Amino acid sequence: MPKIEVNNIDKDLLIDDINKSLNINNSITQINLNDIIRCDLIETRGSYGKTGFAKAFSTSFLGEQSHILTSFCIEIQTSEDTYLFELLKTPLKSNTFIFKNIKKNAEQFLVKIKSYVPDSPVVLTNLSYIEELRELKKLLNENILTQEEFEQKKQRILNSK
């Protein structure tokens, strides 16, 4: 399973709509979008270091409890191989602006990739259905999806709500 470090999703993972491929910058690796079977985000969490009373105190007074992410990857499985695209160079707290931005970009990238995967739900757990519809509309406007594909995926999202 190749593990590839990604510095910037928009610059390092390039979707070629004409050739229906995913090109990895600084690599000879090219993935045929029609060969993708599955794609997901994979988080590996570490410990924040607070337990018991300290954890309860910080959660109740400081809001959502942060955790350390030691790894955050986009996993793409094809008929030939599984690729891991590592998005973190160092562990990060989950509530930092940097991580939230990385996660948002990764989710948007997954929506684009999943539009090529047959029978793949475009629904991501952290996006509301309205955000999902907006992302689909962007893909339509960018001519990544045809009108027919857009309508099918839109109906799938609306039927799941």
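This is a predicted model: local features need pLDDT of at least 70, side-chain atom pairs count only at pLDDT 80 or more; totals for chains, interfaces and linings use all residues.
Phe72 sits in strand β6. Its relative accessibility is 0%, so Phe72 counts as buried, the limit being under 20%.

Sequence distance and spatial distance tell separate stories here. Phe72 and Thr44 are 28 residues apart along the chain, yet their C-alpha atoms lie 6.4 Å apart.

Is Ser71 buried or exposed? With a relative accessibility of 11%, Ser71 is buried.

The side chain of Ser71 makes a polar contact of 2.6 Å with the side chain of Glu86. Setting aside neighbours within four places in sequence, the residues in contact with Ser71 are Lys3, Ile42, Glu43, Thr44, Glu86 and Leu88.

## The whole chain

Stepping back, the protein chain has five helices and eight strands. Following the sequence, you can read them off in the pattern β-α-β-β-β-β-α-β-β-β-α-α-α.

The chain has 161 residues, and 39% of them count as buried. Its accessible surface comes to about 9,700 Å², with carbon and sulfur atoms contributing 50%. Among contacts with a separation of 6 or more, 57% are between residues 24 or more positions apart.

Nonpolar side chains tend to be buried together in soluble globular proteins. In this model, the largest nonpolar core has 36 residues, and the members that touch the most others are Leu13, Leu22, Ile74 and Phe85. At least two core residues come from each of β3 (21-24), β5 (36-45), β6, β7 (82-86), α3 (97-114), α4 (129-141) and α5 (147-159). Which element gives the most to this core? That is α3, with seven residues.

## The β2-β3 hairpin

Strand β2 (residues 13-16) runs antiparallel to β3, and four bridges join the two. One of the pairings to look for is Asp16 with Ser21, its bridge partner in β3. Four residues lie between the strands of this hairpin.

Lys20 deserves a look of its own. This residue is found in the loop between β2 and β3, and its phi is positive, at about 50°, although Lys20 is not a glycine. Lys20 counts as partly exposed because its relative accessibility is 33%.

## Cysteines

How many disulfides are there? The count comes to zero, using sulfur atoms within 2.5 Å as the rule. A disulfide is a covalent bond between the sulfur atoms of two cysteines.

Cys39 is buried, as its relative accessible area is 3%. Cys73 is buried as well, with a relative accessibility of 3%.

How values were computed
Residues are numbered from 1 along each chain as its sequence is written. Side-chain values use heavy atoms; hydrogens and water are left out. Buried means under 20% relative accessible area, exposed over 50%, partly exposed in between (1.4 Å probe, protein chains only). A polar contact is a pair of N or O atoms within 3.5 Å; within protein, one must be able to donate a hydrogen and the other to accept it, and residues adjacent in sequence count only if both atoms are side-chain atoms. Contact means heavy atoms within 4.5 Å. A nonpolar core is a set of buried Ala, Val, Leu, Ile, Met, Phe, Trp, Tyr and Cys residues joined through side-chain atoms within 4.5 Å. Two strands pair if DSSP finds at least two bridges between them. Accessible areas come from the Shrake-Rupley method with a 1.4 Å probe; for residues, only the protein chains shown count as cover.
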